[in-house]
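Work through the following exercises with the sequence and structure at hand. Each task is followed by a stepwise solution.

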Amino acid sequence: MDSIDSRRGVTRRGILRAAFGGSALLFAPATTVAAPAGFDAWREAFQAKARAHGISDQTYRSVMGGLEPDMSVFQKMRKQPEFHEQVWQYINRRVSDWRIIAGKEALRKNQALFARIEKDFGVERGTLLALWGVESAYGDPLVQQNHMRPVFPALAALAWNEPRRRAYWETELINALKIVQRGWSTPQEMRGSWAGAMGHTQWMPEVWLNVGIDYNGDGRVSPFGKPDDALGSTARYLVNRGKYHRNEHWGYEVRASGASSSQASRSYAAWANAGVTRADGQPFPQPNASAKLWTPVQGGPSFLLGPNFYSVRSYNPSMNYALAICHLGDRILGGGPFIQPFPGSERALTLAEVQEVQTRLTRAGFDTGGTDGRVGNDTMKAVKDFQQKVGLPADGYAGLKVLARLRGG
């Protein structure tokens, strides 16, 4: 999944590491087992804490009575699959042909919604489209059906028996109970990741409660169903918590000969005076806006990053995640690939090529979980197993070298 950048404190998705941003496709369904000794006593004692936070006994009993903890969350937490991707592999897999094509279609179907959000919040439609695409494949119901688990058994297990962050998980469980008590959702509808992130843009219960808005006017706030609430609320999140700047682009690929990454924030005009120019040769449209210079990999592309890049990063504090989101948004809106390639990189596979990889792997006995052109955990594991079998570096990346070997090259 995403690159292994450390998280800093409690964020939107709790302890989900930046390594797992955009991971809705990668969570396996839950396997619930009988409640271990001690859970029933904890559940009875926890009711007093829930009551102190305004949860009625009726709500508590209806949700928690008879609930069994999803003990598989502890294995998910401690044994999340890791694939050691280089930056260019990370970008290629998220800025995929499938996501670009599907993003254009999602925009076509929701033009009025994105226009309204831009007017209300000033958040660029490309950014929201990319977040939507990476977090839930544009709200694909099959993701919800096949890759999500009931969140109450998961949150209850974590609140009961995860000692390092127990207070956090207790709070999120109470937040989830508040959502039910308000009539915004039901335990049956509330399905998400092992850590409780739900819906189109993967909200934790705290975000749902405190940032979510009823953007479609149906009387409740929901990250499920129509995308209005999810996307409008995500825009609000980027503005309120990410300090998004209205009418500013996130940044630009640049040519920065002799310059290196810098935490110094300077105006685009000052950068231009220092010899940093846009890679496409165009002028900076807002020369007085500020940006920082970043070169992810020496010899690869460099970027001037404005405040809105860091607003995206507030959603998942991985620099690679934020770059993938910003770049995918540009690509959906018609922008091209990066002009300067990453060292040792190869072009991303087309949708048809990814499907061919999946088809050939499946025929060879490596289960990819489908042949839809979307590279999730199943496909990456199948690729890694194939690489190990044939003696290729086992990084799990479905690229041109794997395709050539599958073709017999």
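Helices (H or I, at least four residues) are DSSP runs, numbered from the N terminus. The model is predicted, so local features need pLDDT of at least 70 and side-chain atom pairs count only at pLDDT 80 or more, while totals for chains, interfaces and linings use all residues. Residues are numbered from 1 along each chain as its sequence is written, and side-chain values use heavy atoms, with hydrogens and water left out.

**Exercise 1.** Describe how H1 packs against H2.

Step 1: H1 (residues 39–52) and H2 (residues 57–64) pack at about 145°, their axes 10 Å apart. Axes are lines fitted to C-alpha atoms over the stretch in contact, and angles run from 0 to 180 degrees between N-to-C directions.
Step 2: H1 contributes Trp42, Arg43, Phe46, Gln47, Ala50 and Arg51 to the contact, and H2 contributes Asp57, Tyr60, Arg61 and Met64.

**Exercise 2.** Which residues of H1 are buried, and what covers them?

Step 1: The buried residues in H1 are Phe39, Trp42, Arg43, Phe46, Gln47 and Ala50.
Step 2: Their cover includes H2, H9 (151–161) and H10 (166–181).

Conventions. Helices (H or I, at least four residues) and strands (E, at least two) are DSSP runs, numbered from the N terminus. Contact means heavy atoms within 4.5 Å. Buried means under 20% relative accessible area, exposed over 50%, partly exposed in between (1.4 Å probe, protein chains only).
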